[in-house]
Amino acid sequence: MSSQLQYDIIIVGAGIVGLTAALAFSRLGQLNIAVLDQREIKLAPAKQNASRVSAITAASKNIFSHLQVWPQLKCLSAFKQIQIWDAAFQTCQFQARDHDAQVLGFIAENDEIYAALLATVKTKSNIYLHPSVRLETYHQDTNGVLLNNHFFGKLICAADGADSWVRSQNQMTLQQEDYAQSAIIANVATDITHAQTAQQYFLKQGPLAFLPLQHPLHRSIVWSAPTGEIEKLMQLSDADFCAALLTETQSAGSFKKIKLLSPRQMHTLKMRHADQYVMDHVVLLGDAAHTLHPLAGLGLNMGLLDVAYLYDCVFANIKKHRRYEKRYNLRSFERIARVKNAEKIQMIASIKKIFASQTKPLPFWRHLGLSMLNEQTLLKRLCIGFATGEDLPSLAQTSQGLAC
Ligand SMILES: Cc1cc2nc3c(=O)[nH]c(=O)nc-3n(C[C@H](O)[C@H](O)[C@H](O)COP(=O)(O)OP(=O)(O)OC[C@H]3O[C@@H](n4cnc5c(N)ncnc54)[C@H](O)[C@@H]3O)c2cc1C
């Protein structure tokens with residue numbers, strides 16, 4: 001490859017965050033945007049009942065709506081209530097109607113979000129997709145970055161996931177904490193309808209979530225525990241795994257029958273938070289900038305908010321004829337996105353500590369945990385508060401106040 005392809009913005013990583021960023025920048029009209037991925041950029045083959053799902057906040061819904069992606073999502077399941085049990089099976093709940101909202105959030109299939117994003121990207125004449133690119137070289141000068149001696153971009157957006165190649169090329173440091181936990185995700189059928197309720201059990205070993213899917217009896221589970229325990233659960237037969245689910249939840253009296261609908265997938269869990277999100281000509285987005293425990297289903301939502309904050313920053317710079325690719329002009333994005341993400345990572349750490357505490361007297365701490373939730377501090381703020389906050393970026397708001 002000798003000739004150079006010149007772009008205003010190159011997005012490395014065509015995951016959900018990368019494709020969302022491409023669509024956001026394409027709204028600005030005058031920018032040429034490239035999206036590079038090491039994999040093929042195509043729709044995943046249809047898998048019945050095996051798809052990974054994400055809990056989606058109202059803010060993320062607004063982002064997808066502004067980008068014309070939301071109407072294409074057909075397999076959404078709204079949840080109106082969240083019910084939480086601690087290890088002593090004390091319970092608390094919060095409901096959409098208590099917050100003058102119709103729903104608390106949505107469960108969406110990642111494959112469907114990806115397909116809708118990709119279909120929309122393909123309608124944009126200023127987005128260029130480059131699949132199956134193995135990135136090997138990175139050269140930066142005062143004008144921008146040259147990748148593989150072929151792709152030149154004034155600004156590189158790293159949306160290349162938790163082990164970001166772009167981040168490591170720039171030696172951008174991270175705060176890291178091994179949660180010493182892994183998670184199993186799978187889809188299950190239960191004997192009682194979910195009634196649009198998301199359930200979270202804070203078990204002794206870690207949290208177990210049941211997220212409502214479109215079918216009234218189907219749920220997606222996310223079960224986190226020490227990695228050794230999760231490995232044992234992965235070894236069980238389907239029948240024994242379902243029996244384990246029933247045992248863990250029986251004190252809550254929720255289910256009498258559970259059946260697996262999909263293979264189980266295991267994910268190791270680690271907190272990572274980049275010390276800086278921006279350098280001259282480089283921005284980190286999504287999992288490239290942060291990963292956290294999935295107990296509140298926030299990772300993707302945080303990545304989408306990163307995109308929306310960056311969009312506002314680039315928009316403001318272009319309006320004022322400033323170089324959006326320079327670090328000093330990207331600082332406003334970094335300040336707000338990093339502070340907001342650090343707050344959420346901290347909240348997750350606090351929730352995890354409260355419910356995982358083995359300190360005596362256990363019931364007191366667990367009860368305190370639930371009281372805190374009932375009075376609504378931590379989890380409710382995470383689940384509801386930040387989705388409706390006043391300082392949301394324009395793409396995350398409803399139509400009024402949208403930049404561009
Ligand atoms: C068990 C579990 C449950 C979760 N549930 C939720 C939830 O309910 N709600 C929520 O908001 N979040 C949830 N998350 C977090 C969420 O899944 C992630 O935050 C999100 O998928 C990250 O998206 P991304 O686009 O940043 O990264 P990725 O999805 O990792 O995409 C990165 C892309 O970059 C590409 N890439 C990587 N390296 C290179 C390279 N060198 N060159 C070119 N391309 C490259 C990859 O091929 C990929 O396409 C969960 C996470 C886990 C583990």
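Student: Which residues does Leu285 touch, leaving aside those up to four places away in sequence?

Tutor: The model examined here is predicted. Leu285 is among the residues with the most contacts inside the largest nonpolar core. Not counting residues up to four places away in sequence, its contacts are Val17, Ala21, Cys157, Ala158, Ala159, Gly303, Asp306, Val307 and Leu310.

Student: Are α1 and α3 roughly parallel or roughly antiparallel?

Tutor: Helix α1 covers residues 16-26 and helix α3 covers residues 110-121, and their axes lie 10 Å apart. The two helices pack at an angle of about 30°. Angles under 35 degrees count as roughly parallel, so the description of α1 relative to α3 is roughly parallel.

Student: Is the crossing of α1 and α3 left-handed or right-handed, and how do the residues of their contact divide into nonpolar, polar and charged?

Tutor: The crossing of α1 and α3 is left-handed. On the α1 side, the contact involves Ile16, Leu19, Thr20, Ala22 and Leu23. These meet Asn110, Ile113, Tyr114, Leu117, Leu118, Thr120 and Val121 of α3. The residues of this contact divide into 9 nonpolar, 3 polar and no charged.

Student: Is Gln68 buried or partly exposed?

Tutor: Gln68 is found in the loop between α2 (58-66) and β4 (77-79), and has a positive phi of about 60° although it is not a glycine. Most residues other than glycine have a negative phi. Within 10 Å of Gln68 there are 13 other C-beta atoms, so the class of Gln68 is partly exposed.

Student: Is Ala195 buried or exposed?

Tutor: The loop between β12 (174-190) and β13 (197-202) contains Ala195. Phi of Ala195 is also positive, near 50°, in a residue other than glycine. A residue with 12 or fewer C-beta neighbours counts as exposed. Because Ala195 has 11 such neighbours inside 10 Å, its class is exposed.

Student: What percentage of the contacts between residues at least 6 apart in sequence join residues at least 24 apart?

Tutor: The protein chain has 10 helices and 20 strands. Of its 404 residues, 46% are buried. Among contacts between residues at least 6 apart in sequence, the share joining residues at least 24 apart is 75%.

Conventions:
Residues are numbered from 1 along each chain as its sequence is written. This is a predicted model: local features need pLDDT of at least 70, side-chain atom pairs count only at pLDDT 80 or more; totals for chains, interfaces and linings use all residues. A nonpolar core is a set of buried Ala, Val, Leu, Ile, Met, Phe, Trp, Tyr and Cys residues joined through C-beta atoms within 7 Å. A residue is buried if 20 or more other C-beta atoms lie within 10 Å of its own, exposed if 12 or fewer, and partly exposed in between; C-beta atoms are placed from the backbone. Two residues are in contact if their C-beta atoms, placed from the backbone, lie within 7 Å. Axes are lines fitted to C-alpha atoms, for helices over the stretch in contact, and angles run from 0 to 180 degrees between N-to-C directions. Helices (H or I, at least four residues) and strands (E, at least two) are DSSP runs, numbered from the N terminus. Angles under 35 degrees count as roughly parallel, over 145 as roughly antiparallel, 65 to 115 as roughly perpendicular and the rest as oblique. A crossing is left-handed if the near helix is turned anticlockwise from the far one by less than a right angle, and right-handed if clockwise. Ala, Val, Leu, Ile, Met, Phe, Trp, Tyr, Cys and Pro count as nonpolar, Asp, Glu, Lys and Arg as charged, and the others, Gly among them, as polar.
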